[in-house]
Every structure is written in structure tokens, then in C-alpha cells.
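The exercises that follow are meant to be worked with the sequence and the 3D structure open side by side. Try each task before reading its solution.

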Amino acid sequence: MNAVYILWLRELKRYRRSYAQIIASLAQPMLYLLVLGFGLGPVFQKAGNGSYLQFVAPGVVGMTVLFSSVFSGIGLLWDRQFGFLKETLVAPVPRITVMIGKSLGAATVATIQGTLVLIVCLIAGFRPVSWASLPLAFVFMILTAIIFSGLGMAIGSVLQDMQGFQLIMNFLVMPIFFLSGALFPLNDLPKVLSLMTRLDPLSYGVDGLRGALIGASQFEAVTSISVLSVVAVLFLALGGYLFSRIQL
Amino acid sequence: MISVENLVKNFGDVKAVDGVSFTVQAGEIFAFLGPNGAGKTTTIKMLTTLLKPTSGKITLDGLDPVTSQTEARRKFGIVFQDPSLDSELTALENMELHGVLYGVQRKIRLERTEMLLKLFELWERRSSYVKTFSGGMKRRLEIARGFLHTPKILFLDEPTLGLDPQSRNQLWTHVKNLNQTEGVTVFLTTHYMDEADRVAHRLAVIDHGRIVAQGTSQELKEQTKTESLEEAFLALTGSSIRDEKAGSAEQLRQMANMWRKNR
């Protein structure tokens, strides 16, 4: 238990000390929010869907959580290359403990990032339908963060160097983002696309966030929470399994 | 304390370690010598649960590191060939993290951290980030950390690589002292024969994954009819040069260093 705590704390300390990284990782969501939010606004309005800024803000928060948690998980790769991983692998604690500690750390960092972006959204003019549903939004943020930290850890356990990183970015992380409905509504889509969005775990995270923040959602909150919880357990188990197989 | 029988590790067709057997007594300082790529680090990795042996038997203080990993890990401390500190944390934080991972009680952890950091002359810099440390300071911190949980065995894989003679000298003095005061068994590898000669009670020479000779420094010299351990080593392993393949870790470290310089 102490081991989980100290590894979690390590992730947080490292996060807090990297101002440059914090600022840099907020830049991309802000581009999406401001440029798309105001750029596509008029078209979206004409199509009778209301304010695009209101619509896209929860998507941008979801996107931030996705990127942040996958990257933190893949941060394992840096630990491997700079040697710290060995220190944790020879420690007399089960590998699963190390994995849980790191994943929870990554998930916490991602949730903090998501919260920062939510604050930026509020400054940009986004208004949630009711403040009372904010805790529910955090439930979705945290679940999403756990899922993708687990996925990041799984990827980080398998990758040997940074060359695979671009591959993962372009063929896994970007599709997860674009197919999630972060940028467009999921109703009335072509059948294939609709099916793919339903297979994307982030869809449920973004939809849940949207439900909580602007009161419009595709799936029932309970459905989304159930799907997310199941996927979280699956990904953590996968990450744990792959992490336990690391040999140096 | 350490006993190894017929240890084998294959990577595909390559036999990195090919039937190695030796024993190390409790309280002994044992040096494992060999040219690059001889199988030293692979052997240490198998002893410290980082790699699974292809075949053979290892016992560390009565425990098998393959079947009782966690218990075996509690028995040893290790200083790796390349750094394994978190450079974004301070010296104290690195010690704290290690102590908590090894389940050292808070009170003992704080006492030993202070004692070890003072011994290795790092106490003044305890709250500095490790990234601001020199190579020698990082090595000292790694060794101090390795002693934190009072291990029965300390593995040192080329701990003095890249250090100046002053730091090397000081480092071995501390290791010898702790070997005497805490009775820790030391298993080390090095390329500096003078160090091995001075520090180790017994030595083994490994080449192409096999042990070609073992005994005290005197015995090795007599066996090869040479004057110094260096000559004995060359007589046993030949004088051809071995090249190691640069791993992906090495490449990435170079890249990271490049970035750091550009900034």
C-alpha cells in the first residue's frame, strides 16, 4: 500500500515540477477549443445544433484526459531508457503494485490536466447547465483517465524505444480521439462509423462528460459508467500483465 | 550466500551465459571479471530477478530468485551499470522512495539515510535534484541507496565506470568499510584490475559465457605464471578486442543528451 502511494506521489511530483510540459500540453486543447469552437460555431449554429463552443468543450476536456493519460503511461518508456524502471523492478514488491501506483499517478495527472482545461473552457465562455452535475463530470474524467493510463502502461511495457511512439500516436491515439465524438455529434452517422464510435471507449467518456456538463447525451449515464468501468478493469489487467512480463 | 550451478542464458542462438557455476561465501567480496560481452551483466541480471535463466540453479541466502522473487529481492541491493536514479527527484526523495519500496520502517529509514548520505558526502546536497549531480555524486548516491535497506548481498555492476581515481578510491574505501561493519557480501564486476586486486577476496574470470578461472588474486597469478592481475586477465582472455552492440537504450540516451545541450 505504501509502495503504491510513494509511486503515485512520484508521478505527481514529477508533474508539478515540469511547468514547461504543463503549459505545452494545454496549448493543443486550447487550439481545438478556440479555433474550432469559434471557427465552426456559425456552421454548427445554422445546422440548428446550438453553440459549438458548448458542444465541443466537454470533447476537448475528454481529449486532454486521453492524451495526458496515454503519455504518462508511455512515460514508462522513459523510465526504462533512463534506468529508473530497474530500481522499481528489483524492489521487493509485486510488479502489479508498481503498475497500479504508476497508473494511478498517471490518471491523477490526467484528471488535473482535464480540470485545468475545463477551467480554460469556463474562461472562454463555456457554461455548464448545472454546477450540481460537476461531480458526475469528474467521475467520467477519472474513469477515462484510468482506462487510458492502463492502456498507456500496456503500450509502454511493450515498446522498446521511441520509434514505436509515432506509430502508436497515429494508428491508435488519434483514431481513438477522432472516433470518440469529441468533435462531432454521434447521432445520424453512417453505419460503419457509428459502429466504430461505439467500440471506442472514449466515446462513452466524452458522452458522459457532455451529459453531465451540457445535459445532452447519446447514452444513459449508467450505461456509460458501466462500460467505462469494465474497460478500465480490462485495460488495467492488460497493463498489469504486460508490465509483469518485462525483462531487461 | 550466493550459489550458482550450471547457469545458462540463451538469447535466440547466442549463448550469453553458458554453464556458469560458482559460490560466494557470506561476508566475502567477490569480483567477477571479463571482457565486454563476456556475460557479466547477464549473470547479474539473472541473480537479481531481472532475467529468467534458460536453465541452471541460483540460490541467494537460501532462496531461489526464480520462484521466490519478492523474498529474494529483499536480500540484496544493487548498483547497476547505468544509472537508475530518478533525476527529477532530490537525493532525499530518491532515498525515501527506495526505503518505502523496501518496507524500511520510517525511523530506521531516516536514521540510515542520514548516516549513509553523510558517509558518502552527499548530506549537504540532500535537497538538490539529482539531475544537478556530477557522475561521481550520482554513483555515490546509488551505492548509498543500495545500502539503505541493510541488504545481505550488494551487487555492484561496474560501479566505478567513468569516475576519476579520487572518486574510485573513496568509493571502494566505503564499500570495504561497510563490508566489514555490516557484514554485507559484495558481488562486483569491474574493468579495473587494480581495483579488483585491492578490494576482492576472491575473483572469477568469465569469457564467452564460461568461467575460465577462479580463486584469489594470488592463485590466478600463479596459475598463469604472471606478475600482475592485469597480465593474468589478458593471459586468460586473450588480447583481442570485443565490440558490444549499442542497444536502443544507449541510442536514446545520446539523443536525450543532445536535446539537453541544445537547450
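**Exercise 1. Find the residue with a positive phi in the hairpin of S1(B) and S2(B), and describe the pairing of the two strands.**

Solution. In this hairpin, which has 2 residues between its strands, Gly12(B) takes a positive phi near 60 degrees. The model is a predicted one, in which local features need pLDDT of at least 70 and side-chain atom pairs count only at pLDDT 80 or more, while totals for chains, interfaces and linings use all residues. Residues are numbered from 1 along each chain as its sequence is written, and chains are lettered from A and ligands numbered from 1 in the order in which they are written. Strand S1 (residues 2-11) and strand S2 (residues 14-24) of chain B are antiparallel and share 8 bridges; strands (E, at least two residues) and helices (H or I, at least four) are DSSP runs numbered from the N terminus, and two strands pair if DSSP finds at least two bridges between them. Within this pairing, Leu7(B) has Val20(B) of S2(B) as its bridge partner.

**Exercise 2. Determine the strand order of the open sheet of 6 strands in chain B, and its edges.**

Solution. The order is S5-S6-S7-S3-S8-S9, with mixed pairing. Strand S5 (76-79) and strand S9 (210-215) of chain B are the edges, since each pairs on one side only. At the S9(B) end, strand S8 (residues 202-207) of chain B runs antiparallel to S9(B), joined by 5 bridges, and Ala204(B) stands opposite Gln214(B) of S9(B).

**Exercise 3. Describe how H4(A) and H9(A) pack, and which residues make the contact.**

Solution. Helix H4 (residues 52-74) and helix H9 (residues 163-178) of chain A pack at about 155 degrees with their axes 11 Å apart, where axes are lines fitted to C-alpha atoms, for helices over the stretch in contact, and angles run from 0 to 180 degrees between N-to-C directions. H4(A) is therefore roughly antiparallel to H9(A), a term for angles over 145 degrees. The contact (C-beta atoms, placed from the backbone, within 7 Å) involves Met63(A), Leu66(A), Phe67(A), Val70(A) and Ile74(A) of H4(A), together with Phe165(A), Val173(A), Ile176(A) and Phe177(A) of H9(A).

**Exercise 4. Identify the element that gives the most to the side of chain A that touches chain B.**

Solution. The contact takes 24 residues from chain A and 26 residues from chain B. Helix H1 (2-16) and helix H6 (84-89) of chain A are the elements that give two or more residues to the chain A side, and H1(A) gives the most, with 6 residues.

Notes. Two residues are in contact if their C-beta atoms, placed from the backbone, lie within 7 Å. Angles under 35 degrees count as roughly parallel, over 145 as roughly antiparallel, 65 to 115 as roughly perpendicular and the rest as oblique.
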